Amino acid sequence: NFTGEWVFDEELSIPDGWGFSQTATKLDIRHDRDSISLVRTQLVEYAGITTQRESYGLDGGIKETDLWGNPLYTKVYYTPESDSLVIETGTKYLRDEEVIESTSREVWKLSDEGYRMEIRLTADNPWGRRNAYYIYQRKW
């Protein structure tokens with residue numbers, strides 16, 4: 001179960017070419033059998049502390065939300081064979097008559113008897129491919 005307060009561990013994490021920009025410094029998660037809700041807290045250089053609230057069913061259904069006036073599609077599901085939670089997002093929008101597409105995939109897995117959460121992020125967007133590995137420690 002991912003329920004709890006999780007703090008980003010920069011020393012154990014492996015950044016990609018983007019460094020740790022746009023990485024949540026803290027995750028507050030409530031997780032039950034059918035749903036997950038989370039608050040991602042970031043310290044953004046130009047904006048201070050920002051929070052992003054999310055809530056999803058775990059049935060693999062697609063949830064549509066808004067991202068800068070464009071639809072953002074998110075699918076969340078649990079994979080028993082790898083004992084992990086997967087969050088997939090995608091958006092398409094028009095910029096200067098060009099269709100821009102961005103996708104991301106986070107695979108969450110608990111380790112160290114539930115004291116550590118590993119998140120593997122892969123993402124594709126017009127600025128390149130992301131491939132990062134984040135570690136969060138459970139705060140007790």
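Biologist: Which residue lies over the face of Tyr 56?

Modeller: That is Lys 63, placed 5.2 Å from the ring centre. Do keep in mind that we are looking at a predicted model.

Biologist: Thanks! Now to rings beside rings. What describes a pair of aromatic rings?

Modeller: Two values do: the distance of the centres and the angle of the planes. A search of the whole structure here turns up 5 aromatic pairs.

Biologist: Is Phe 8 buried or exposed?

Modeller: Phe 8 counts as buried because its relative accessibility is 15%, and the cut-off for buried is under 20%. Phe 20, at 22%, is partly exposed.

Biologist: How is the pair of Phe 20 and Tyr 134 arranged?

Modeller: Their planes are at 55° and their centres 6.3 Å apart, so this pair is tilted. It also links distant parts of the chain, as Phe 20 is in that loop and Tyr 134 lies in strand 10 (residues 128–139), 114 residues away. With 6% relative accessibility, Tyr 134 counts as buried.

Biologist: Which residues form one aromatic cluster?

Modeller: Phe 8, Phe 20 and Tyr 134 do, together with Tyr 136.

Conventions:
Residues numbered from 1 in each chain as written. Predicted model: local features only at pLDDT ≥ 70, side-chain atom pairs only at ≥ 80, totals over all residues. Heavy atoms only, no water. Phe/Tyr/Trp six-rings, centres within 6.5 Å; stacked < 30°, edge-to-face > 60°. Buried < 20%, exposed > 50% of the residue type's maximum accessible area, 1.4 Å probe, protein only. Helix = DSSP H or I, 4+ residues; strand = E, 2+ residues; numbered from the N terminus. Lys NZ or Arg CZ within 6 Å of the ring centre and 35° of its normal.
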